[in-house]
Amino acid sequence: MSNLKKKASEFENKFISSSLEKRLSSDAKQELAEELKTNPEYFKRLENDEDFQLFIRSKFKRKEVSPALVDSIKSKIGF
Amino acid sequence: MKDKKAKIFTEEFFPQIEALNNFAYHLTYNQSDAEDLVQETFLKAYRFIDKYDEGTNAKAWLFRILKNAFINEYRKKSKAPQAVDIDQANLLKDEDEKAFKGFHDLREEMFQNMMGDEITNAINTLQEDFRTVILLCDVEDFTYEEIATILEIPIGTVRSRLHRARNLLREKLRNYASSKGY
């Protein structure tokens, strides 16, 4: 693996994956923000994944829960 | 003890019923089956409530129960287990780079004009394993770590499966939008 690829891979493991997994501390978030300024490809990937999530979540049609289901569960567990 | 159970159900479990019902529906494609699955999930949660730590992650705990009930009970009696279509997954490998470059497509007007039904139907056409990670991550906002726990798969598998699922969904949406002249 070339040094450049290795560095890119380390960066991805350290920040991108962690950010997408919502595990970054606030210090690391700040560090990521600084790094992303100089890594437009990573910035694009992060931004695109976030765009995708927002798009799907805003358009997705959720199923409504029938009151009968809630009543049935409550009755079966004795509430 | 009964008061404690009632408190957990009222404050932590019942608020998750809509998300559970939604997930169950998109696994079974049948409202009656989905309701049976949700009911079974709550009954199991009641039976095994001693294994739940109050105030922790009720949503992930209940989703895991529902997923296991779906695999162990519902799927067994309805059809053979579904696995990721390897051919379909391999085809996507070649498309990944292309799709990466086209990420911004989803902000284009043609996609924004799509209705919720069209997006939801596209998700429903995905293979079960791909559909599941999209539902858990993009619809329900679980972290990769939580998804790994719910599905009992390594976190790396979550990451790669989600990447493939998103690319496949983008491709379906792109084709659909083109066919409709958006």
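Predicted model: local features only at pLDDT ≥ 70, side-chain atom pairs only at ≥ 80, totals over all residues.
Student: What percentage of the residues in chain B is buried?
Tutor: A residue is buried if 20 or more other C-beta atoms lie within 10 Å of its own. In chain A, buried residues make up 10% of 79 residues. In chain B, with 182 residues, the buried part is 33%.

Student: Of the contacts in chain B between residues at least 6 apart in sequence, what share joins residues at least 24 apart?
Tutor: Contact here means C-beta atoms within 7 Å. Take the contacts in chain B between residues at least 6 apart in sequence; the share joining residues at least 24 apart is 73%.

Student: Which helix gives the largest share of the side of chain A that touches chain B?
Tutor: The contact takes 25 residues from chain A and 30 residues from chain B. On the chain A side, the elements giving two or more residues are helix 1 (3-20), helix 3 (40-59) and helix 4 (67-76). The largest share is nine residues, and its source is helix 3 of chain A.

Student: By class, how many charged residues has the side of chain A that touches chain B?
Tutor: That side of chain A has eleven nonpolar and four polar residues. The charged residues number ten.

Student: Is helix 4 of chain A well covered or hardly covered?
Tutor: Helix 4 of chain A has ten residues, and the count of buried ones is one. Gly78(A), with a positive phi near 80°, follows this helix. On the burial count, helix 4 of chain A is hardly covered.

Student: Within chain B, which helix gives the largest share of the side of domain 1 that touches domain 2?
Tutor: Chain B is divided into domain 1 (2-78) and domain 2 (86-179). Each domain gives nine residues to the contact. On the domain 1 side, helix 2 (17-28) and helix 4 (58-78) give two or more residues. The largest share, four residues, comes from helix 4 of chain B.

Student: By class, how many nonpolar residues has that side of domain 1 of chain B?
Tutor: The side of domain 1 that touches domain 2 has two polar and two charged residues. The nonpolar residues number five.

Student: How are helix 8 and helix 10 of chain B oriented, parallel or perpendicular?
Tutor: Helix 8 (residues 128-139) and helix 10 (residues 155-179) of chain B have axes 9 Å apart. The angle is about 95°. Angles of 65 to 115 degrees count as roughly perpendicular. So helix 8 of chain B and helix 10 of chain B are roughly perpendicular.

Student: Is Arg161(B) buried or exposed?
Tutor: Arg161(B) lies in helix 10 of chain B. Leaving aside neighbours within four places in sequence, Arg161(B) is in contact with Asp129(B), Phe130(B) and Val133(B). With 21 other C-beta atoms within 10 Å, Arg161(B) is buried.

Student: Within what arc do the buried residues of helix 9 of chain B fall?
Tutor: In helix 9 (residues 144-151) of chain B, the buried residues are Tyr144(B), Glu146(B), Ile147(B), Ile150(B) and Leu151(B). They line one face of the helix, because seen down the axis of helix 9 of chain B they fall within an arc of 160°.

Student: Is Tyr29(B) buried or exposed?
Tutor: Tyr29(B) sits in the loop between helix 2 and helix 3 (31-47) of chain B. Its phi is positive, about 60°, although Tyr29(B) is not a glycine. With 9 other C-beta atoms within 10 Å, Tyr29(B) is exposed.

Definitions and conventions:
Residues numbered from 1 in each chain as written. Chains lettered and ligands numbered in written order. Contact = placed C-beta atoms within 7 Å. Nonpolar A, V, L, I, M, F, W, Y, C, P; charged D, E, K, R; others polar. Domains from an automatic or database assignment. Axes fitted to C-alpha atoms, helices over the stretch in contact; angles between N-to-C directions. Parallel < 35°, antiparallel > 145°, perpendicular 65-115°, else oblique. Buried ≥ 20, exposed ≤ 12 C-beta atoms within 10 Å, placed from the backbone. Arc of directions from axis to C-beta.
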